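Here is a short briefing for a reader who is new to this structure. Please look at the sequence and the model first.

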Amino acid sequence: MSCICLGPKRAGKTHLLKALQEPDSIDETSYSMPTIGTGIYRIHFPEKSPNGDKPRPPADVTAAQAAPPGGGKHAPKFIQVLEIGGSMAPLWRQSQYFEDVKKLIYVVDASNLCQISAAGVLFYSILTEPRLQKVKILLVLTKMDYSYRQMRNEALLMLQMSKLQKQIRQQLTIAEASAVTKVGLDTIYEWLKRP
């Protein structure tokens, strides 16, 4: 699997991946159980964003990197993402999950400031993993519908992102998302499409 999704327990990985896989399947009443083990999600890239707008590339993408409008001849149609449950965090590094990984989505619950320090410790252990030194990383602050704007800044501060981005080898992109309101899903689709 060339793309994996990690994060602490109850960060919102399953909800986010289900929303990416089928945006209409998640709403305010949706509930998902914590993943025990792994799950595979086949995410098809929509021609329109879940909000009805034309998808925009993430802010750190140049026009040359962005996929051509309408999907283009060589643009991928879908990607498979392997979700590894947060309860398996002690086994992440000892397993074969990191073999041949090109992209990694790391999910942090931005509405739960108590969990962010633990999420940061897990994230730092991933960044030091030798098999992941060339991987592209998307840090997703989820549950933005439950958090207020300042919580995003507090989360980034607690994760020490400004300092960390200067010290790591990996290409890191940060996105805010909500599986319920669909905010940020177009940014994630565009990041997943990039080579």
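A contact here means heavy atoms within 4.5 Å. This is a predicted model, in which local features need pLDDT of at least 70 and side-chain atom pairs count only at pLDDT 80 or more, while totals for chains, interfaces and linings use all residues. Residues are numbered from 1 along each chain as its sequence is written, and side-chain values use heavy atoms, with hydrogens and water left out.

**Overall layout**
- The chain has five helices and six strands; helices (H or I, at least four residues) and strands (E, at least two) are DSSP runs numbered from the N terminus.
- Their order along the sequence is β-α-β-β-β-α-β-α-α-β-α.
- Of the 195 residues, 50% are buried, meaning under 20% relative accessible area with a 1.4 Å probe, protein chains only.

**Helix 1 and helix 5**
- Helix 1 (residues 13–21) packs with helix 5 (residues 185–193) at an angle of about 80°, and their axes lie 11 Å apart.
- This makes the two helices roughly perpendicular, the term for angles of 65 to 115 degrees.
- Leu16, Ala19 and Leu20 of helix 1 meet Leu185, Ile188 and Tyr189 of helix 5.

**Helix 2**
- Among the buried residues of helix 2 are Ile116, Phe123 and Leu127.

**Confidence**
- The average pLDDT, the predictor's confidence in each residue from 0 to 100, is 82 for the chain, and 83% of the residues score at least 70.
- Residues 54–72 stay under 50 in pLDDT.
- Where pLDDT is low, the predicted coordinates should not be read in detail.

Methods: Axes are lines fitted to C-alpha atoms, for helices over the stretch in contact, and angles run from 0 to 180 degrees between N-to-C directions. Angles under 35 degrees count as roughly parallel, over 145 as roughly antiparallel, 65 to 115 as roughly perpendicular and the rest as oblique.
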